[in-house]
Amino acid sequence: NDSGGGNNTYIVPVSYVTLKDIGNAGDGRDLQVSFSKSSTESLISHYRVMIVKQSKTFSQADATRISSANYTTVYPAGSDRSQVLTSSSRDIDGDLIRDNQAYKAYVLAVGKSGGTYARSSASPSLTLTNTNSVNGATNVKASDISDNGDGRDLQVSFTRAQNESNVTNYRVFTVKTKDAANFNVAEAKSVSSQNYTTGNKTSTTNTTPTTHFTSAALDPSGN
């Protein structure tokens with residue numbers, strides 16, 4: 001850690017900076033930063049909580065140059081602090097906080113006297129993970145199996161998700177070729193239950209389930 005600044009009033013940095021993964025939003029709301037207050041808090045104007053990619057080096061001089069858009073301000077309250085970040089919180093590079101990126105945190109104490117700063121030591125590294133995430137099905141294949149002129153002619157097979165612990169069921173969509181390029185997860189989530197076919201989770205012995213459709217089966221647009 002570092003302390004000092006442009007005059008003779010020295011301040012002491014905070015200590016015991018830690019990170020905690022507290023959610024599954026996939027952004028800054030999952031990240032809680034805690035630290036023990038400075039022993040010279042009466043001399044401190046505010047703290048700047050800075051999230052840094054684990055691979056980066058980060059000096060006190062670096063910390064004093066970070067844009068206010070890329071740190072979180074915490075004000076002294078006479079006690080140790082815990083701060084949960086927001087969905088718009090960014091690391092020091094201006095990148096939004098996200099899953100699967102290793103981070104460390106620093107806290108820069110800013111003195112009431114101009115030009116005095118004290119940077120903490122780095123927190124232990126933390127990588128946010130989404131414990132509610134699911135793996136997608138793979139090897140999706142559609143086959144023409146009959147000549148009824150409706151959904152009964154279509155069979156869809158796929159390789160089930162590698163980990164089904166968070167899977168309730170599979171929703172099978174038959175999308176027109178012209179619409180396929182724009183059919184993303186958000187589109188899929190908005191489709192009415194009348195316009196997809198539900199496939200149940202499979203047994204551990206069947207890794208390639210097959211879905212059959214009825215004569216009344218519809219595509220996501222209701223056709």
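Which strand gives the most to the lining of the largest pocket, and with how many residues?

A: Strand 12 gives the most to that lining, with 4 residues. The model is predicted, so local features require pLDDT of at least 70 and side-chain atom pairs pLDDT 80 or more, while totals for chains, interfaces and linings use all residues. Residues are numbered from 1 along each chain as its sequence is written, and side-chain values use heavy atoms, without hydrogens or water.

The largest pocket holds about 930 Å³ of space (a pocket is an open set of points on a 1 Å grid over the protein atoms alone, where a 1.4 Å probe fits and protein lies on both sides within 12 Å along at least five of seven lines; lining residues have an atom within 4 Å of a point). The volume is that filled by probe spheres set on the points, which are joined across faces, edges and corners. Its lining comprises 24 residues, and those nearest the centre are Asn 169, Tyr 170, Arg 171, Phe 173 and Ala 188. Two or more residues come from each of strand 11 (154–159), strand 12 (169–172) and helix 2 (185–190) (DSSP runs numbered from the N terminus: helices are H or I of at least four residues, strands E of at least two). By type, the lining consists of 14 nonpolar, 7 polar and 3 charged residues (Asp, Glu, Lys and Arg are charged; Ala, Val, Leu, Ile, Met, Phe, Trp, Tyr, Cys and Pro are nonpolar; the others, Gly among them, are polar).

Tyr 170, one of the residues nearest the pocket centre, also takes part in an aromatic contact. The whole structure contains 5 aromatic pairs (ring centres of Phe, Tyr or Trp, the last by its six-membered ring, within 6.5 Å; planes under 30 degrees apart are stacked, over 60 edge-to-face, the rest tilted). In one of them, Phe 158 and Tyr 170 form a tilted pair, with 5.0 Å from centre to centre and 55 degrees between the planes. Phe 158 belongs to strand 11 and Tyr 170 to strand 12, so this pair ties together parts that are 12 residues apart in sequence. Both Phe 158 and Tyr 170 are buried (buried is under 20% relative accessible area, exposed over 50%, partly exposed in between, with a 1.4 Å probe and protein chains only).

Phe 158 itself has a relative accessibility of 6%. Leaving aside neighbours within four places in sequence, Phe 158 is in contact with Ala 137, Thr 138, Asn 139, Val 140, Tyr 170, Val 172, Thr 207, Thr 208, Pro 209 and Thr 211 (contact means heavy atoms within 4.5 Å). Phe 158 and Asp 147 are 11 residues apart in sequence, while their C-alpha atoms are 22 Å apart in space.

Asn 139, a contact of Phe 158, is placed in strand 10 (residues 138–144). Asn 139 is exposed, with 60% relative accessible area. Its phi is positive, at about 55 degrees, although Asn 139 is not a glycine. Tyr 16, in strand 2, likewise has a positive phi, near 55 degrees, without being a glycine. Tyr 16 is exposed at 67% relative accessible area.

The largest core has 21 residues, and Leu 19, Leu 31, Phe 35, Tyr 47 and Ile 51 have the most contacts inside it (a core is a set of buried Ala, Val, Leu, Ile, Met, Phe, Trp, Tyr and Cys residues joined through side-chain atoms within 4.5 Å). Strand 2 (15–21), strand 3 (31–36), strand 4 (44–53) and strand 7 (102–111) each supply at least two residues of this core. A second, separate core of 10 residues includes Val 52, Ile 66, Tyr 71 and Val 110. Tyr 71 sits in the loop between helix 1 (60–64) and strand 5 (72–74) and counts as buried at 14% relative accessibility. Beyond four places in sequence, Tyr 71 is in contact with Arg 48, Val 49, Met 50 and Ile 66.

Finally, Asp 30 occupies the loop between strand 2 and strand 3. With 1% relative accessibility, Asp 30 counts as buried. Asp 30 and Leu 128 are 98 residues apart in sequence but 7.4 Å apart in space, C-alpha to C-alpha.
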